[in-house]
Amino acid sequence: MNREPSEDVDACVVGAGPAGSLLANRLASEGHNVVVLEAGPRFDSENRERRMERDIRPAHAPDSVWEMGGDRDAYSASGERHYPLNAARVKGVGGSTLHWQGMVMRLHEQDFRLASETGVGVDWPLAYDDLRPYYAAAEDALGVAGASDNPFAPPRERPHPLPAFPPSHSDSLFAEACEELGIATHSVPNARLSEARDGRSACVGYGTCQPVCPSGAKYDATVHVEQAESQGVRVVDRAPVQRLEHDDAGERVTAAVYATPDGTEHRQVASEFVLAAGGVEIPRLLLLSESAQYPEGLANSSGVVGRYFTDHLFAGVGGTLDEPTRQNHVGFNTTESHQFYDRSDDSRGAIKLEFLNYAGPSPVEMALGGDDWGDAMLDRIREDYGTHVAVGALVEQRPRAANRVHLDPERTDDHGNPVPDVVWSLDDYERRTIERANEIQRDILDELGADVEWTVGPETTGPAFHHMGTTRMGDDPEESVVNARLRTHDLANLTIASSSVFPTGGAMNPTLTIAALALKAADHVADRL
């Protein structure tokens, strides 16, 4: 394709994931000329079944499904815990929504005022009510299916746009055990179609939601990329932005300098610039854009660009039952509990319980991963499949300045730029929360009568790959990177639409909040244009 810069551009958006595509589409609907620069390729939707087949065959690594790896995606992880960055991100048109699980819930009201109520972290510079209309718009845009039955969720203005998916068979087993223990359960809102909509089919049950939905029923950002392009937005793939340039006064960004596959660099000029490339690549780009006015990185007069990197931690307990559980019939969760989410003090963080629908191996994994054939293979599948059960949880991580994304001084990518180095560790706050989650999970499995076979606890936990906090939002320019309107304190025409602006992360999957903030940011950018 022609990758030359466009002329007379109102807004240049960096990143074609959910935030960038939603924002670009909103600006285009108001008549603005928008260009989106995406570092990765444009994937052909016709090849999704092939990608699904690649994933389920044991010879292929998970990151090969969406072509991650190599010098382009090189990174370092020098922290106390290794952070496997490439295990769950996608560079390409659609971003990481191409492989996400698709659960979408709103942050609780307490998440916005956590410091005031518990003494942990900081308060957001906006309240839940400020984001509430954007949450509703985001749910409609993503096509969220939900029952609106969560007694612990914040108030809603109307039901979810689509009917909820029915609970799975194992959900009914969990429900009985939880009722005995006094634990309330409720449905999970999902960004996948329970009914056909806008030319997309309802979910047809491939069960491979993560890392690929072949049918397109699960939302990904290509939905809004296509809508945006139909309104005149230009999306340039394989155009990684190398740095941002600013005017002599250091008050406005003047151009995004990007590379093309033939090695040429171009300068895209625009009136407004929006960074929507995620919680790792956004701080990296700002740090790469150092100048005489910003020797520590663009928009970094506060010194906190890249700081306060947070994620959600996984806690889980699993085992087997002496009865069918029918796990792996559904590739996504349909029941949760937020009963242990809100907290009264700083003794532990938020816990979002997840009743997993995919514990144990699937028949396909067993068939492809074993050495048996014919009747022997069938006997092994009949014996081992469908009796597994597990309860998971997402656990809140406290924002700490020591957890950060910065530039590796020794390793470079395919363009000679320093790669991101993710410095990540846990503290006692997270460990206490994971231990509490494990206690609840074991109680549930004990009530079920399950034989517990594994536990993911404080020493074996890993990230949910929700990158948050590296360009945090706040009212004080000395302590934050962007304000409540998502514009950087330092530069008048630079906006950040990403989970990187989250001051705290709670324990909710972040994509719905990312989408809501992107729509909010679009309104503010449009006001300036």
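Q: Does α1 pass α6 in a left-handed or a right-handed crossing?
A: The crossing of α1 past α6 is left-handed. A crossing has this hand if the near helix is turned anticlockwise from the far one by less than a right angle, and is right-handed if the turn is clockwise.

Q: What kind of model is this, and how are its residues numbered?
A: It is a predicted model, in which local features need pLDDT of at least 70 and side-chain atom pairs count only at pLDDT 80 or more, while totals for chains, interfaces and linings use all residues. Residues are numbered from 1 along each chain as its sequence is written, and side-chain values use heavy atoms, without hydrogens or water.

Q: Back to the helices: at what angle do the axes of α1 and α6 cross?
A: Helix α1 (residues 18-29) and helix α6 (residues 222-230) cross at roughly 25°, and their axes come within 8 Å. That angle makes α1 roughly parallel to α6, a term for angles under 35 degrees; over 145 is roughly antiparallel, 65 to 115 roughly perpendicular and the rest oblique. Axes are lines fitted to C-alpha atoms, for helices over the stretch in contact, with angles from 0 to 180 degrees between N-to-C directions.

Q: Which residues of α1 and α6 make the contact?
A: From α1 they are Ser21, Leu22, Ala24 and Asn25, and from α6 His224, Val225, Gln227 and Ala228. Contact here means heavy atoms within 4.5 Å.

Q: And how does the contact of α1 with α6 divide by class?
A: It has 4 nonpolar residues, 4 polar ones and no charged ones.

Q: New topic: what is the strand order in the open sheet of 3 strands?
A: The order is β5-β6-β7, with antiparallel pairing; strands count as paired if DSSP finds at least two bridges between them. The edge strands are β5 (241-246) and β7 (265-269), and the twist averages 25° from one strand to the next.

Q: How many bridges join β5 to β6?
A: There are 5 bridges between β5 and β6 (residues 253-259). Valine 241 lies opposite tyrosine 258 of β6, and leucine 244 faces alanine 256. In the hairpin, 6 residues separate the two strands, and glycine 250 has a positive phi near 70°.

Q: What about β9, is it mostly covered or mostly exposed?
A: Strand β9 (residues 313-320) is mostly covered, with 7 of its 8 residues buried, that is, under 20% relative accessible area; exposed is over 50%, and partly exposed lies in between (1.4 Å probe, protein chains only).

Q: Which residue stands opposite glycine 319 in β12?
A: Valine 389 does. Strands β9 and β12 (residues 388-395) run antiparallel and are joined by 8 bridges.

Definitions and conventions. Helix = DSSP H or I, 4+ residues; strand = E, 2+ residues; numbered from the N terminus. Nonpolar A, V, L, I, M, F, W, Y, C, P; charged D, E, K, R; others polar.
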